[in-house]
Structure formats: C-alpha cells, structure tokens
Amino acid sequence: WIVGGGPEEAALRERAERLGVRDTVTLLGMRENPYPYIRQADLYVQPSRFEAYGLTIAEAMILNVPILSTDTDGARVLTDGVSGALCAADAGSIADGVMRLIADPERRAGYVRYLKEHSPESENSAILEKLRGLF
C-alpha cells in the first residue's frame with residue numbers, strides 16, 4: 001500500500017500498470033487517517049531525501065511497525081539495527097532494504113519487540129524528567 005499523494009502519484013500508477021504489479025501495489029491516495037493502514041503494515045518505508053523531523057517515523061514507532069527509512073536527519077529517531085533500519089536515499093538501497101527485511105521476519109519481529117519495550121512516549125517522559133532535574 002502506498003498512502004499519500006503528490007506530483008508522482010499518476011506516474012506511480014502508470015508504472016505499476018506497465019510493470020504488471022497493479023494487483024499487488026495499491027496506491028491509496030491521501031487518507032485523513034493513515035493509522036489503520038500503517039498498523040497493518042509488515043514494514044513501514046520512509047523514502048525521504050530530506051526530513052527535518054521524522055514525524056511519520058515516530059508514528060510508525062508508536063504503532064509498533066518495523067521501519068525502513070532513508071538516512072536523513074529526521075530518521076535519527078531510529079537506531080539502525082535496533083529500532084529499525086536505515087539505508088541510503090537511492091532507489092537501489094531502498095529496494096535492497098525492503099527485500100532484506102521482508103525476507104527476514106525475525107529481524108522485523110525484533111524491531112517490534114524493541115518498539116513495544118521502548119515506547120517513544122516513555123522515553124520522552126524520561127528526557128523531560130532529566131530536564132526538570134536541571135532546575
């Protein structure tokens with residue numbers, strides 16, 4: 001599933017048709033609430049070239065979904081190999097990362113276990129407590 005829209009949507013639809021994967025690639029377009037789709041995902045992929053803050057990555061983390069993201073500043077909410085996987089921001093690296101993680105359900109399960117044990121909310125609370133201790 002591809003949730004979202006933008007200037008590449010029509011080209012992606014055409015490419016899926018041309019490659020004969022229209023039945024396995026679903027372009028959902030913009031959705032008011034993407035969380036039901038993210039929650040059901042085997043893998044959340046964030047293929048940004050630039051990302052100041054990884055809000056959608058944090059959302060996928062909260063939903064305990066394994067994550068592959070390109071290595072941007074915003075993806076630093078992940079620890080590569082611990083809470084998700086990082087890759088270079090090019091099509092080959094993204095494809096390799098997706099194939100590697102889809103072929104390794106135990107690695108994905110390890111990410112999910114980590115995310116369940118280390119929720120961003122509890123880690124944010126710990127950071128806030130440290131900051132309060134400075135005053």
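**Close-up 1. Arg-18 and Glu-14 share helix α1.** In this predicted model, the two residues sit four residues apart, about one turn of the helix. Their side chains form a salt bridge. The closest N and O atoms are 2.9 Å apart. That pair counts because the N to O distance falls within 4 Å. Glu-14 has 42% relative accessibility. Glu-14 is therefore partly exposed, since its value lies between the 20% and 50% limits.

**Close-up 2. Glu-9 pairs with Arg-13 in a salt bridge.** Here the closest N and O atoms are 3.0 Å apart. Both residues belong to helix α1, which covers residues 9-19. Four residues separate Glu-9 from Arg-13, about one turn of the helix. How accessible is Glu-9, in relative terms? Its relative accessibility is 23%, so Glu-9 counts as partly exposed. Buried would require a value under 20%. Arg-13 comes out at 40% relative accessibility and is likewise partly exposed.

**Close-up 3. Arg-113 meets Glu-106 in a salt bridge.** The contact is made by the side chains of these two residues. The N to O distance is 2.8 Å. Is Arg-113 buried or partly exposed? Arg-113 has 43% relative accessibility, so it counts as partly exposed. Exposed would require a value over 50%.

**Overview. How many salt bridges does the model contain?** The count comes to six. Among them are Arg-18 with Glu-14, Glu-9 with Arg-13, and Arg-113 with Glu-106.

Definitions and conventions:
Residues are numbered from 1 along each chain as its sequence is written. This is a predicted model: local features need pLDDT of at least 70, side-chain atom pairs count only at pLDDT 80 or more; totals for chains, interfaces and linings use all residues. Side-chain values use heavy atoms; hydrogens and water are left out. Buried means under 20% relative accessible area, exposed over 50%, partly exposed in between (1.4 Å probe, protein chains only).
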